[in-house]
Amino acid sequence: MDVKDIIKKENFVYGKSKVLTDNPMHYCPGCTHGVVHKVLAEVIEELDIQDKTIGVSPVGCAVLAYNYLDIDWHEAAHGRAPALASAINRLYPDKFVFTYQGDGDLASIGAAEIMHACNRGEKQLTIFINNAIYGMTGGQMAPTTLEGMKTATSPYGRNVALHGYPLQITELIAQLPGTCYVTRQSAHTPGAVRKLKQAMLKAVKNTLERKGTSFIEVVATCNSGWKQSPVDSNKWMVENMFPKYPLGDMKDI
Amino acid sequence: MADYMLMKGNEAIAEAAIRCGCDGYFGYPITPQSEILETLALRKPWEETGMVVLQAESEIASINMVYAGAGCGKKVMTSSSSPGISLKQEGITYIAGAELPCLIVNVVRGGPGLGTIQPAQSDYFQAVKGGGHGDYRLIVLAPASVQEMYDFVDLGFELAFKYRNPAMILSDGVIGQMMEKVKVGEYKKRLTDQEIVERYGSWATTGKTPNRQRNIITSLDLDANRQEQFNLKLQRKYREIEENETRFELINCDDADYILVAYGSSSRICQKAVDLCREKGIKVGLLRPITLFPFPTKAIQSFVGKVKGFLTVEMSAGQMVEDVRLAVNGQCRVEHFGHMGGVIPSPNEVVKALEDNFIKG
Ligand SMILES: Cc1ncc(C[n+]2csc(CCOP(=O)(O)OP(=O)(O)O)c2C)c(N)n1
Ligand code: SF4
Ligand SMILES: [Mg+2]
């Protein structure tokens with residue numbers, strides 16, 4: 001049998017989502033952002049909602065997310081994505097709106113916007129990439145940076161007396177009556193990616209049904225900012241991030 | 001038959017928004033403009049026209065809601081007063097940078113800081129020179145009556161969409177709070193989503209359909225040369241706006257020896273001052289800029305050589321006076337008279353300032 005006989009449409013078990021563009025991603029090799037983009041693209045394709053999806057990208061490494069998903073995008077100011085999405089979902093109630101935000105964007109400068117959007121029960125989804133660091137600006141301390149963790153602006157390690165505590169913002173968001181689904185996932189193993197996709201499918205469906213705000217935190221790595229190899233980063237994440245940011249659903253109604 | 005209503009300037013903004021087919025208002029309370037959001041909440045336009053009204057958690061959030069609504073091709077607006085407008089500058093520069101149409105209303109109060117809730121005109125620089133970071137301009141309209149508060153909502157949106165540029169109504173606490181008779185217009189229908197796709201589908205985020213490329217609303221371009229080209233394009237747009245959209249009013253200027261230059265509520269005070277001067281035999285006229293950007297530079301220049309001097313009257317330390325001086329470029333005397341911090345000048349004070357500066361001694 002020739003290879004050509006095998007490469008046939010009916011034999012394909014996996015392919016690149018049509019919602020992903022052909023642009024090469026600018027993310028560092030091993031970065032979690034790319035994996036989450038892929039999962040989101042697949043969900044949009046499977047639910048056949050490309051023409052009704054509007055994404056709101058953050059300021060952070062994912063600022064250029066609009067280069068990779070073939071949908072309409074609105075690039076927000078730092079931290080303000082939830083406010084943008086609130087207006088869009090109210091002006092276009094039949095569309096699907098999501099925000100994609102890092103931990104600096106969402107939990108620091110944009111803490112007010114995410115809290116109030118969730119509290120209003122805005123019919124939108126937030127995907128929150130928690131890599132415990134400001135990746136884009138070169139690895140400074142984030143509100144989610146772990147105690148003792150070294151960053152460019154906490155070179156001796158995060159000292160809670162000086163810098164405050166790592167912020168478990170997803171736990172706070174789960175308390176808000178406006179949210180209908182709040183979960184914490186990861187994307188470091190094939191199993192984790194499959195679980196993430198299930199969570200994403202549920203969250204998008206919730207949003208389409210206008211049930212309330214859905215919120216997915218993805219505990220992520222930033223191997224460049226953490227100054228570790230991608231493999232070591234995954235290990236470090238499991239050992240250090242997961243105890244502080246345990247995976248699983250916090251709310252599902 | 002035309003409909004007339006008696007209302008406050010702030011209420012006129014709300015009424016005009018509903019009637020002109022506005023799709024969304026996003027605001028946050030602050031004196032002296034809270035009646036705009038209050039009137040909208042009471043009027044419930046979402047039941048009448050489908051207009052969205054939302055009290056946001058802050059001015060920052062509300063302007064970012066406007067940013068998004070504008071990106072979707074919707075006719076959206078916000079309003080605030082000075083401290084709130086300072087907070088909105090982040091969103092305003094993004095909107096200018098993404099070339100989106102929207103309307104922002106500033107009912108100015110005295111500053112700096114928390115200042116006072118009394119009227120002032122001390123946000124002129126912020127409004128006409130950009131306000132936020134980067135090289136950009138707003139289209140700035142200065143109403144001098146409650147009728148103009150009403151009319152400039154529609155005009156502001158029209159200009160904003162024509163040039164895909166944010167427009168601002170620069171009002172003040174006097175115009176916002178005073179009541180006058182207003183001729184209100186017919187209801188204009190809001191555009192349907194399909195009409196928005198037809199008109200603005202080439203740029204607005206209405207959902208990517210198979211027949212077009214994805215639309216991306218952004219002000220980001222990391223390539224320096226492309227960013228400069230984009231800036232040059234913005235500058236060409238501002239020159240075009242200057243060419244086509246400058247608006248002003250001349251009162252008794254034909255035979256004038258002196259010209260008062262004033263906008264908004266100061267221009268109303270100056271109208272009285274012109275009458276008082278004429279009674280005294282001093283030939284005074286009034287030039288009232290209606291657009292502050294674009295500024296009526298040429299109109300002011302046209303009086304050089306004909307008049308003995310200009311007196312600007314502003315409720316500020318003298319901000320617009322700089323643009324009048326730039327216009328005459330040293331060829332005519334330009335003086336300023338004003339009050340600050342919420343104190344309103346009287347017509348007699350204006351007459352005295354004119355006499356002290358130009359006639360006595
Ligand atoms: C108003 C404003 N302040 C600061 C910045 C600089 N800045 C850009 S990205 C960023 C942090 C991004 O970190 P995060 O949200 O965690 O995203 P990541 O890059 O880690 O994915 C900062 C502070 C900015 N662009 N705008
Ligand atoms: S800096 Fe960190 S978050 Fe940014 S692309 Fe690289 S690994 Fe990813
Ligand atoms: Mg981060």
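My entries follow, from the whole chain down to single residues.

**Ground rules.** I'm working with a predicted model, where local features need pLDDT of at least 70, side-chain atom pairs count only at pLDDT 80 or more, and totals for chains, interfaces and linings use all residues. Residues are numbered from 1 along each chain as its sequence is written, chains are lettered from A and ligands numbered from 1 in the order written, and side-chain values use heavy atoms, with hydrogens and water left out.

**Chain B, overall.** I looked up the secondary structure and got 14 helices and 15 strands (DSSP runs numbered from the N terminus: H or I of at least four residues for helices, E of at least two for strands). The radius of gyration is 21 Å, close to the 21 Å from the globule rule for 361 residues, so chain B is as compact as a globular protein of that length. That radius is taken over C-alpha atoms, and the rule is 2.2 Å times the number of residues to the power 0.38. I also noted that the C-alpha trace spans about 75 × 50 × 40 Å along its principal axes.

Buried residues come to 59% of the 361 in chain B; buried means under 20% relative accessible area, exposed over 50%, partly exposed in between (1.4 Å probe, protein chains only). Of the chain B contacts (heavy atoms within 4.5 Å) with a separation of 6 or more, 78% join residues 24 or more positions apart.

**Magnesium, ligand 3.** Which protein atoms hold this ion? I found A:Asp103 (OD), A:Asn131 (OD1) and A:Ile133 (O) as its protein donors, 2.1 to 2.4 Å away. Donors are N, O and S atoms within 2.8 Å of the metal (3.2 Å for Na, K and Ca); water is not among the atoms, so sites may look incomplete. Along the chain the spacing reads D-x27-N-x1-I. A:Asn131 and A:Ile133 are both buried.

Most residues other than glycine have a negative phi, and most peptide bonds are trans. I logged a cis bond from B:Thr31 to B:Pro32, omega near 5 degrees, with B:Pro32 in the loop between S2 (24–27) and H2 (34–43). The bond from B:Gly111 to B:Pro112 is also cis, omega near 0 degrees; B:Pro112 lies in the loop between S5 (102–108) and H6 (124–128).

I then checked for positive phi. B:Glu99 has phi near 55 degrees and sits in the loop between H5 (82–97) and S5. Is B:Glu99 buried or exposed? It is buried, at 9% relative accessible area. B:Asn252 has a positive phi of about 55 degrees, in the loop between S10 (248–251) and S11 (258–261); B:Asn252 is partly exposed, at 39%.
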